[in-house]
Amino acid sequence: QVQLVESGGGLVQAGGSLRLSCAASGRIFSINAMGWYRQAPGKQRELVATITSGGFTNYADSVKGRFTISTDNAKDTVYLQMNSLKPEDTAVYYCNADVRSHPYTRGAFYWGQGTQVTVSS
């Protein structure tokens, strides 16, 4: 099994910054990709940003230019630097990872427990 543990959420004023971290642990052979998703009250979970093992990144249009996703492969950790935060960024942020637990198996998706980000106006 694989566990994802997020940290770094909190309350911040509009225009402020936060940095989220997500560390993967457990039965990990390799990680194909990691990402961040968010879910606001009454809304569906949506993609925020993803990064592949090759370093390719993808961002939601709503966060481009404000958020940056990065990884520390040695630590199996993904980060989300969030700048110029807006009230509409308020949501529970979930970490996601596509992990291969064995060299001869395909990846499986795992989710963290979520961390709350609240941006006040």
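The torsion about the S-S bond of C22 and C95 is about -80 degrees, so the disulfide is left-handed. The structure holds one disulfide (a pair of cysteine sulfur atoms within 2.5 Å). This is a predicted model: local features need pLDDT of at least 70, side-chain atom pairs count only at pLDDT 80 or more, and totals for chains, interfaces and linings use all residues. Residues are numbered from 1 along each chain as its sequence is written, and side-chain values use heavy atoms, with hydrogens and water left out.

**Disulfide**

- The sulfur atoms of C22 and C95 sit 2.1 Å apart.
- The pair links distant parts of the chain, 73 residues apart.
- C22 belongs to strand 3 (residues 18-26) and C95 to strand 9 (residues 91-100).
- Strands here are DSSP runs (E, at least two residues), numbered from the N terminus.
- C22 counts as buried because its relative accessibility is 0%.
- C95 also has 0% relative accessibility, so C95 counts as buried.
- Buried means under 20% relative accessible area, exposed over 50%, and partly exposed in between (1.4 Å probe, protein chains only).
- A disulfide is a covalent bond between the sulfur atoms of two cysteines.

- Four strands form an open sheet, in the order 1-3-8-7, with antiparallel pairing.
- Its edge strands are strand 1 (2-7) and strand 7 (67-72), and each pairs on one side only.
- From one strand to the next, the twist averages 15 degrees.
- For that angle, axes are lines fitted to C-alpha atoms, and angles run from 0 to 180 degrees between N-to-C directions.
- Two strands pair if DSSP finds at least two bridges between them.
- Strands of a sheet pair through backbone hydrogen bonds, either parallel or antiparallel.

**Strands 7 and 8**

- Strand 7 and strand 8 (residues 77-82) run antiparallel and are joined by six bridges.
- T68 has Q81 in strand 8 as its bridge partner.
- D72 has T77 in strand 8 as its bridge partner.
- The hairpin of strand 7 and strand 8 has four residues between the strands.
- D76, in this hairpin, takes a positive phi near 50 degrees.

**Y104**

- Y104 lies in the loop between strand 9 and strand 10 (108-111).
- With a relative accessible area of 82%, Y104 is exposed.
- Y104 and F29 are 75 residues apart in sequence.
- In space, Y104 and F29 are 9.8 Å apart, C-alpha to C-alpha.
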